[in-house]
Amino acid sequence: MSSTIFYPSTPKDELVKAYVGKSITEIPTPAAVINVAAVRRNCQRMLEACSSLQLGWRAHVKTHKTVEATKLQVGDDISRPVNLVMSTLSEGELLLPALQEYVAQGRKVNILYGLPINALAVPRLSIIAAALGPDAVSILLDDPAQIPIAAQLRASSGVVPRAFIKIDMGGRRAGVEADSDRFVSVVKDALAAHKNGDIIIHGLYSHAGQSYGGDSRVAAMKMMGAETGAMLVGADKIKAVAAESGVTDLPTLVLSGGASPTALSIQNLVQQNPSAETATPELQTEVQTLSTLFETAKKNGHAVEIHAGVYPVLDLQQLAAHSISSSLLSWGDIALTILAQVHSTYPGRGADGTPEALIGAGGLALGREFCKAYDGMAMVTPWGRKGIELPTCDVEDAEEWTVGRFSQEHGILTWAAGKRKGTPSKPPTDEVSVGQLVRLWPNHACITSSHFGWYFVVDEDRKGKEDEIVDIWVKTRGW
């Protein structure tokens, strides 16, 4: 049974009636605020990069978990397939009516369940598959024991699922290494199921989560190359084992790679008007290397697909990965902020006699994931602070109010610097006061947003009305 039965979403109509047209200064805190203008920019850049490079695109919906942001991720070009990844079945259930609309329009739809298939997922995944029809549902495989489960999915839904073999290229989370005996074992069983009509082998899937630890555009592109290279080894091996097994109807294998840093890095291949930063020999070498690798995969008869999830809203972790130019990814491109109120101030309590303040947003609002560029859970944006502008430096070099300590519902604002600076070179440039509202840039948007049932949507392109709520995006809940 769908989790939407037991985790019902708050009715959007009631939220719209209560809040649209009001300012975000009038809403309860803590609250999750989305700047839709930044989401539009981030999504459009990714779609344009994939089109320019003739790469497939698969949008992960796990970060925002909304219908509205999904539509921006896939765009409105009816000739472009709607390829998605869901991390929970509830995401697919929320999106199902919208996906059915795309199918009715004649747009190709495919939604991938982002965990290796398990038996308890079959009943709910079968409903999604049956509602969307042939070729609309994909699964991940990384264990021979999952093959019979895939057969159950086909039997219960009447739809043959497409199957990606999940590749582990160093993250050690899910997947099998492409050059391992275990990989061959999974491939042989998958080919037998393909031959039997229980699945269609669709390709390979990689997620380089370790790319979050990168610190440059070169590092991000190298990791994207490592993902693609590992999948290319696996794809060529699948074709070889298929030939040995007498399987002659393999489709074009799709190599689907990406975490947001590596997926964003493909924009380095198409950036216009390169500056001195983009023209460094090492960077240009990696641009050429990655471009050549994509072309090699295509020449070998495979298709290359990019996937990512956090890129529409971004966060401080993505800024700290430095995967693309600051002209394409900077502070102003972070679409998600958390609105919180100052409850108390503590003059002189902080390091070197600096002030501190208490806000009503702690671990349950912000999460507990750190950013490698600074110590803290979030940074305070310039919003509402007289005379303060957007930073122009890297996160590592920032001197700013941060959520330096926290507990369940409490966050402590401290004046701190990024790790490259170590300690602030100057005292706070402004003070916060009791009752003041602040907006916070989170470290990891996926975790932070999971704590909220909906987003208050504003649009910075509406000059003079940047703080007016224009919509409410309701998120799916549960698993």
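This is a predicted model: local features need pLDDT of at least 70, side-chain atom pairs count only at pLDDT 80 or more; totals for chains, interfaces and linings use all residues.
A salt bridge here is a side-chain nitrogen of Lys or Arg within 4 Å of a carboxyl oxygen of Asp or Glu.

Stop 1: Select residues 54-314 and colour them as domain 1, then select 331-474 and colour them as domain 2. Taken over C-alpha atoms, the centres of domain 1 and domain 2 are 34 Å apart.

**Stop 2: the boundary.** Show the residues where the domains touch: 17 from domain 1 are in contact with 14 from domain 2. About 1,100 Å² is buried between domain 1 and domain 2, and carbon and sulfur atoms give 65% of that area. Now pick out E68, V313 and L314, which supply 40% of the area that domain 1 buries against domain 2, more than any other three residues.

How many salt bridges are there between domain 1 and domain 2? The count is zero. Polar contacts are present, however, with four residue pairs counted between domain 1 and domain 2.

Next, select helix 4, residues 67-74. With three residues, helix 4 gives the largest share of the side of domain 1 that touches domain 2. Coloured by type, the residues on that side of domain 1 are eight nonpolar, five polar and four charged.

**Stop 3: H202.** Go to strand 7, residues 200-206, and select H202 within that strand. Is H202 buried or exposed? H202 counts as buried because its relative accessible area is 12%, under the 20% cut-off. To see what surrounds H202, leave aside its neighbours within four places in sequence and show its contacts: R58, R162, A163, F164, T252, L253 and V254.

Terms used. Residues are numbered from 1 along each chain as its sequence is written. Side-chain values use heavy atoms; hydrogens and water are left out. Domain bounds come from an automatic or database domain assignment. Contact means heavy atoms within 4.5 Å. Buried area is the accessible area (1.4 Å probe) that two parts lose on being put together, summed over both. A polar contact is a pair of N or O atoms within 3.5 Å; within protein, one must be able to donate a hydrogen and the other to accept it, and residues adjacent in sequence count only if both atoms are side-chain atoms. Helices (H or I, at least four residues) and strands (E, at least two) are DSSP runs, numbered from the N terminus. Ala, Val, Leu, Ile, Met, Phe, Trp, Tyr, Cys and Pro count as nonpolar, Asp, Glu, Lys and Arg as charged, and the others, Gly among them, as polar. Buried means under 20% relative accessible area, exposed over 50%, partly exposed in between (1.4 Å probe, protein chains only).
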